[in-house]
Amino acid sequence: MKLAVIGCGYVGLVTGACLAEAGHDVVCTDIDADRIAQLQSGNVPIYEHHLDKVLESVRRSGQISYTADAGDAIRASEAIFICVGTPPKDNGDADLSAIDNVARQIATEARSSKLVIEKSTVPARTGLELRRALSAYSRNSGLTFRVVSNPEFLREGTAVEDFLHPDRIVVGVEDDSSAAQMREIYRPILERKFRCPVHEDACPAGPEAPLLVTTINSAELIKHASNSFLALKISYANALADICERIGADVHEVTHAMGLDPRIGGQFLQAGLGFGGFCFPKDLQAFVHLAGTVGVDFEILKAAERVNKQRIDRFLEKVHQALWVVKGKRVAILGLAFKANTDDVRFSPALEVARRMLAEGADVHATDPEAISRAEAILPQVAYHRDPYDALRDAEALLICTEWDEFRQLDWERVAKLMARRLVIDGRNLCSPARMRELDFEYFSFGRELVRSSRMEAAR
Ligand SMILES: NC(=O)c1ccc[n+]([C@@H]2O[C@H](COP(=O)([O-])OP(=O)(O)OC[C@H]3O[C@@H](n4cnc5c(N)ncnc54)[C@H](O)[C@@H]3O)[C@@H](O)[C@H]2O)c1
């Protein structure tokens, strides 16, 4: 089928690449002409595992193309995926102006009827507004625009795998023919008829993912309800970590045992610096806002948000407890991305930590395997190092802010020798307290024992 993707960010590029790999003819467009030029010349503007491989493969096979002219993309396609950003407004509501702009473009540029698929995360009832906008902007009453909500559940870092091997595909529709068309678009993925870039030999066997057909409102709600629930789980683990610290329990022991109960599950129970990124914080806010507009006080989600915001303060309390005075001290930050395996720094807790350290007058040195250039554009006052050992050389404190495996696998004996003082404040519970004790580090983490170095013990 001929498909268009509007918005070539994380979601748009993964959607375009994977649907092209599944055999569709995909044309991608973006308001950012530089981004389109980069893509046309074979460069991938974001870091996402496997994405470069898939984009190269579909570029060679001619299944994907890029244009800065949205009208061309709209006219060339039967179905259009809207993948533009929906950032938060000051009041927590989602800013839907990019969706509105795209609706106007589709309505004015289309010369035939289209299936318009809302893949961006939007509050419930946006689909109905989108349909109204499409007919209001259209100059040709002979055209019909059928709207579908197809929320995206991919996670940055494993986005290609998540798209090609989904747990479920949700399509919110208003008529059977839209559902049939969506099933046709996803058929190769449901039947696993694509060359999988993730699994070299064969993909692991498993049942076909369900394609759930719902109303548009339900589909939109499913996305917000899912993300908010996951955010709630993280905040629960974080509040639990605070209790563990006060009563001398170990949060890993507690959450591990909890997670073995299938009714609870072990994922998203990691204590630490809290969640960031372009999805959880804004989706949570938008859901609270939507609930408020229909007269429901979603108190439990407000509490999750509050707990999350306090994580940075809790982390900085540990920094102050350990360093006493921050001003003038050299501090190393390991990790800038909001989570591992992505270069995305939007709403990253690591950047907030760096900002606060700078504000207190620290000499901040930082590293990240993929996110340095994005962080540099936002915080040029930080000294960036590609090599983590250069970042932590002569540092008086090392702050772990992103859970990259590269940091877990550092040569910690070498780290101990390079630092001016053996002090680690671990915002992601990445290191083992036992190992840190062995190496005579002073080690702070969340919800676990405080490890004192021999010098600190002697000074007590
Ligand atoms: N990033 C994720 O992990 C993720 C996961 C699921 C859902 N989502 C949702 O998907 C949507 C996109 O997220 P993203 O992370 O890909 O954002 P992004 O900022 O990386 O990409 C958005 C792209 O849309 C382009 N754009 C904006 N307005 C445009 C317009 N009028 N016409 C054409 N292009 C336009 C931007 O230039 C940008 O390249 C958001 O609603 C987000 O909440 C994101």
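Trainee: How many residues surround the ligand, and which are the closest?

Mentor: A residue counts as near a molecule if one of its heavy atoms lies within 4 Å of it. Here 26 residues surround the ligand, and the closest are Val11, Asp30, Thr86, Glu156 and Lys282. Please note that this is a predicted model, in which local features need pLDDT of at least 70, side-chain atom pairs count only at pLDDT 80 or more, and totals for chains, interfaces and linings use all residues. Residues are numbered from 1 along each chain as its sequence is written, and side-chain values use heavy atoms, with hydrogens and water left out.

Trainee: Which polar side chain lies 2.6 Å from an oxygen atom of the ligand?

Mentor: A polar contact is a pair of N or O atoms within 3.5 Å. A polar side-chain atom of Thr86 lies 2.6 Å from a ligand oxygen atom. For Val11, a polar backbone atom is 2.8 Å from an oxygen atom of the ligand. In Arg346, a side-chain N or O atom is 2.9 Å from a ligand oxygen atom.

Trainee: How is the shell around the ligand divided?

Mentor: Ala, Val, Leu, Ile, Met, Phe, Trp, Tyr, Cys and Pro count as nonpolar, Asp, Glu, Lys and Arg as charged, and the others, Gly among them, as polar. The shell has twelve nonpolar, six polar and eight charged residues.

Trainee: What does Trp412 touch?

Mentor: Contact means heavy atoms within 4.5 Å. Not counting residues up to four places away in sequence, Trp412 touches Leu398, Ile400, Phe407, Val424, Cys431, Met436, Leu439 and Phe441.

Key
Polar contact = N/O pair within 3.5 Å; in protein donor to acceptor, adjacent residues only side chain to side chain.
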